[in-house]
Amino acid sequence: MEEKLVQRLESAVARLEALSTGFRPGGSGESLDDAASDPAIAAFDDMMRQYVGRVSGAAEKIGGQVLEVTKVVEQAFGVQRELLIQVKHTKKPDIAGLAEFLKPLNEVITKATAMTEGRRSDFFNHLKAAADSLSALAWIAFTGKDCGMSMPIAHVEESWQMAEFYSNKILVEYKSKDTNHIEWAKALKELYLPGLRDYVKGHHPLGPVWNPAGKTATSAPTKASTPKAPGPPPPPPASLFSSESSQPSSSGPKQGMSAVFQEINSGKPVTSGLRKVTDDMKTKNRADRSGHVGIGEKESRTSSSSFSKAGPPKLELQMGRKWVVENQTGKKNLVIDDCDAKQSVYIYGCKDSVLQIQGKVNNITIDKCTKMGVVFMDVVAACEIVNCNGVEVQCQGSAPTISVDNTAGCQLYLSKDSLGTSITTAKSSEINVMTPGAEPDGDWGEHALPQQYIHIFKDGHFETTPVSHSGGAVLVLDEYLIVRF
């Protein structure tokens, strides 16, 4: 009770001093009393007390680099508070002015990023999570739909997804070791979701509201000289099909196609100006123009063309949402073990490789792969196989849908939990589905999916049945005179 009373007295004294001296915090042109009375600023202060305070409290229990980077996070939120106050007294700036306006915030974010560079420490995941999360504060740079950014609320959510990758690593690493780290990681997430997100949603859903009658935010002058504007381009050359000269005089010689037709109509032999081609000038008689291609030259051309088409191999998580596995050749030990149900996996251009996905993911796409093996646990949406040749896919858990499109040669292995999977095929051949036996040690059952169909017009509509190579099918085919096996 006494501490709260002292805080209220100190706040009252600070307001009285501000009114008497005309103090303007941060050069914003607004007194402390006016800032505190603004609903948006008051809500921001409440958010900082509730969420930033919790992160700081957890960091103080850990200490070291975690406490240092948490202080940088607290500093960044303090800088954004000052910027929100200045926005109320500033005109909407141009790109250069906006960069200068956001310079204090950018400096703090750069400071946090610098802490993640160099030799990795034991708290690298903490530093990376805190530094990457600060990009969410850039929502204040949203100036409209054409600015190249997502809407402020979406920007905050997307920015946290980048930091959540490292935050989840902290939760896994300290799950049974130290609860203080777990508390810090959870508090950091709540600072943005729902903390900052709900604040932006309630007060700035369309971005900051600038003051049309306020001061102008200008960029700092630079010492570099302003480059001169390039001169006008040279005039284009005369058109090949121009029938008139660029000179107004009609006495000049004709140009373009008119000159060609004039030469033809002049009555002179058309071939009078051509040179005679001798035998030694013909390509078939020239030693330097032989049509034979050496083996070395052929291999070099093949290797260069294949290298230019295929990009560098990749196995990485992009934007915290999508695992990308590209251009892997001869790699039998590819593993994705740190994934969740919100992430998708995209496999492209791999050859003679094996990938294991150890965890539940949202979606798996296998595109343009040859002799590729994929083993996964569970998938939330679907597993798609497109434009592949000779692939093997094994589901060890469950998968609602498996689709195969434009693929030649596909072996599917289903588990007991995935026997209810819906399999969709189109423009594909040689598709075999392996199912487990009734007994634990029983043999696998092999089922070939049909790739040929019979369409018969009957009773006003077509009836479609798969082609069967049994004796009964022969009689049916003979009856309708379609084909004889």
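This briefing walks through the fold, the cores, the aromatic pairs and some backbone details of the chain above. The model is a predicted one. The chain has 485 residues, 33% of which count as buried, and its secondary structure comes to twelve helices and 14 strands. Its accessible surface is about 30300 Å², with 54% of that belonging to carbon and sulfur atoms. Among contacts between residues at least 6 apart in sequence, 36% join residues at least 24 apart.

**Helix α3**

- Helix α3 covers residues 39-62, and its 24 residues reach 34 Å from first C-alpha to last, close to the 34 Å expected at 1.5 Å a residue.
- There is a bend in α3 of about 30 degrees, placed at Val 52.
- Val 52 is also one of the buried residues of this helix, a list that includes Phe 44, Met 47, Met 48, Tyr 51 and Val 55.
- Just after α3 comes Gly 63, whose phi is positive at about 75 degrees.

**Nonpolar cores**

- The largest nonpolar core holds 58 residues, and those touching the most other members are Phe 77, Trp 184, Leu 191, Tyr 192, Leu 196 and Tyr 199.
- Two or more residues of this core come from each of α3, α4 (64-87), α5 (95-101), α6 (103-114), α7 (124-133), α8 (152-173) and α9 (179-203).
- Another core lies apart from it, with 32 residues, among them Leu 334, Leu 355, Ile 357 and Val 404.
- If you want a residue to start browsing from, consider Leu 196: setting aside residues up to four places away in sequence, Leu 196 touches Met 47, Phe 77, Gln 80, Ala 136, Leu 137, Trp 139, Val 156 and Leu 191.

**Aromatic pairs**

- The count of aromatic pairs comes to ten.
- In one of them, the rings of Phe 124 and Tyr 166 have centres 6.1 Å apart and planes at 80 degrees; planes over 60 degrees apart count as edge-to-face, so this pair is edge-to-face.
- Because Phe 124 sits in helix α7 and Tyr 166 in helix α8, the pair ties together parts that are 42 residues apart in sequence.
- Phe 124 and Tyr 166 are both buried.
- Tyr 348 has 28% relative accessibility and counts as partly exposed.
- Ring pairs also link Phe 44, Phe 77, Trp 160, Tyr 192 and Tyr 199 into a cluster.

**A glycine in a loop**

- Gly 214 belongs to the loop between α9 and α10 (256-264), and its relative accessible area of 15% makes it buried.
- Beyond its neighbours within four places in sequence, Gly 214 contacts His 89, Thr 90 and Lys 91.
- Thr 90 is 124 residues from Gly 214 in sequence, yet their C-alpha atoms are 4.4 Å apart in space.

**Backbone details worth a look**

- The peptide bond from Leu 193 to Pro 194 is cis, with omega near 20 degrees, and Pro 194 is found in helix α9.
- Asn 327 has a positive phi near 55 degrees although it is not a glycine; Asn 327 lies in the loop between β2 (322-326) and β3 (334-336) and is buried at 14% relative accessibility.
- Glu 430, another residue other than glycine, has a positive phi near 55 degrees; Glu 430 lies in strand β11 (residues 429-435) and is exposed, with a relative accessible area of 54%.

Methods:
Residues numbered from 1 in each chain as written. Predicted model: local features only at pLDDT ≥ 70, side-chain atom pairs only at ≥ 80, totals over all residues. Heavy atoms only, no water. Helix = DSSP H or I, 4+ residues; strand = E, 2+ residues; numbered from the N terminus. Expected span 1.5 Å × (residues − 1). Bend = angle between axes of the 7 residues up to and from the residue. Buried < 20%, exposed > 50% of the residue type's maximum accessible area, 1.4 Å probe, protein only. Core = buried A, V, L, I, M, F, W, Y, C linked by side-chain atoms within 4.5 Å. Contact = heavy atoms within 4.5 Å. Areas by Shrake-Rupley, 256 points an atom, 1.4 Å probe, with all protein chains shown as cover. Phe/Tyr/Trp six-rings, centres within 6.5 Å; stacked < 30°, edge-to-face > 60°.
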